[in-house]
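Colleague: Before we go further, could you take me through this structure and tell me, for each label you use, what it rests on?
Modeller: Gladly; here is what we shall be looking at.

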Amino acid sequence: MLDFKVAKEDCIKCGLCAKLCPSGVIELADGYPLIPTEKEPGCLRCQHCLTICPSGAVSILGLDPQDSRPLNKVLLDPERFETFIKGRRTIRAYHNEDLEPALIQRLLDVAWHAPSAKNDRKITFTVIDKKEKLAEFRERVIADLARLAEAKRLPPGREVFGYFAQLWKQKKIDVIFRGAPHLLIASAPKTAVAPLPDCFIALSYFDLFAQSLGVGTLWCGLAKWMIDDILPETKEFLGIPGDHVIGYCMVFGRPSVKFARTAQRGSANVHIVG
Ligand SMILES: Cc1cc2nc3c(=O)[nH]c(=O)nc-3n(C[C@H](O)[C@H](O)[C@H](O)COP(=O)(O)O)c2cc1C
């Protein structure tokens, strides 16, 4: 049940909702939009109809258009946004302090707005939200890695994790999590329309929005390899659903360093089709 409603007194009969509906389920009758019952299953629930309506006359899924944020002005200065994107850095030095729970929730709620294939939105964000919990998790995986290294049972190509375990045990150097207080894992059911791209895109949104709030991030390939290839049982320990594929892991927290300028990466590698 989509609960598609049109406030006729506000509808200006522009037809934009019908024109832009990605699955073409909206029809016009006397200029007013409607979704015939038999077409309801085709709706992607993307809310294009609610968000395009100039007069706020369309409601779907029980949502009030007045509860959306208006988009009636230029939101970002492109010059500053460009500097912001070019200035994003991977953070490998963190304050040993938790972010406020409301801030973590805000970051995740924004990441939840990322596009997903067919508006599938089946991602789960698994979060370690307390530094003590991450410290516990680190001790656990380091002990497991050290045991596997000792027994020469690390998978081929992953032997370096034995060295990481030693570095932590002997010198408290944390190569895997880089001393961050929090861990985020985006996963999605293997059967989702596009589980991996959906996870990557959501994490990218999280990454960029985090930096705008002074929160540092690191795409943590080492954690991903460790969980996927060496210690798959940690998936269950972390409560990641068994039918999920891990998209990627990210650590985050308040940076203890501040970068002064952007990197210089030159022109993009582009091939224009001739
Ligand atoms: C998919 C992916 C995995 C990464 N894994 C790690 C990692 O495990 N440890 C680490 O220190 N950096 C990791 N990085 C960070 C890259 O080294 C970093 O993005 C690159 O050096 C460019 O620096 P910048 O992100 O500051 O621009 C990863 C980055 C990506 C995109």
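Predicted model: local features only at pLDDT ≥ 70, side-chain atom pairs only at ≥ 80, totals over all residues.

Colleague: What makes S6 and S8 a pair of strands?
Modeller: Two strands pair if at least two bridges are found between them, and S6 and S8 are joined by eight bridges in the antiparallel sense; they therefore count as paired.

Colleague: In what order do the strands of the open sheet lie?
Modeller: The sheet has four strands in the order S5-S6-S8-S7, with antiparallel pairing.

Colleague: Why are strand S5 (124-128) and strand S7 (216-219) called edge strands?
Modeller: Each of these strands pairs on one side only, and that is what the name edge strand refers to. Neighbouring strands of this sheet are, on average, turned by 25 degrees against each other when direction is ignored. Helix H7 (residues 195-212) packs on the sheet, where it touches strand S6 (182-189), S7 and S8, and its direction makes about 10 degrees with that of S8.

Colleague: Why is S8 called largely enclosed?
Modeller: A residue is buried if 20 or more other C-beta atoms lie within 10 Å of its own, and eight of the 10 residues of S8 are buried, so the strand is largely enclosed by the rest of the structure. S6 is likewise mostly covered, with seven of its eight residues buried. For the protein as a whole, 25% of the 274 residues count as buried.

Colleague: Why does Lys 118 count as partly exposed?
Modeller: The label applies between the two cut-offs, 20 or more for buried and 12 or fewer for exposed; Lys 118 has 14 C-beta neighbours inside 10 Å and is therefore partly exposed. Lys 118 lies in the loop between helix H4 (101-111) and S5. If its neighbours within four places in sequence are left aside, Lys 118 is in contact with Leu 44 and Val 193. Lys 118 and Ser 23 are 95 residues apart in sequence, and their C-alpha atoms are 9.7 Å apart in space.

Colleague: What makes Asp 30 exposed?
Modeller: The limit for exposed is 12 or fewer, and Asp 30 has 7 C-beta neighbours inside 10 Å, so it counts as exposed. Asp 30 lies in the loop between strand S2 (27-29) and strand S3 (32-34), and its phi is near 60 degrees, a positive value in a residue other than glycine.

Colleague: How do you know that Asp 3 is exposed?
Modeller: Asp 3 has 11 other C-beta atoms within 10 Å, which falls under the rule of 12 or fewer, so Asp 3 is exposed. Asp 3 is found in the segment before strand S1 (5-6), and has a positive phi of about 55 degrees although it is not a glycine.

Colleague: Which elements give two or more residues to the shell around the ligand?
Modeller: The residues surrounding the ligand include Arg 89, Arg 178, Trp 219 and Leu 222, and the elements that give two or more residues to the shell are S7 and helix H8 (221-230). By class, the shell has five nonpolar, two polar and three charged residues.

Colleague: Finally, into which domains is the protein divided?
Modeller: The division is into domain 1 (5-67) and domain 2 (81-253), and the C-alpha centres of domain 1 and domain 2 lie 39 Å apart.

Conventions
Residues numbered from 1 in each chain as written. Axes fitted to C-alpha atoms, helices over the stretch in contact; angles between N-to-C directions. Contact = placed C-beta atoms within 7 Å. Domains from an automatic or database assignment. Near = placed C-beta within 6 Å. Nonpolar A, V, L, I, M, F, W, Y, C, P; charged D, E, K, R; others polar.
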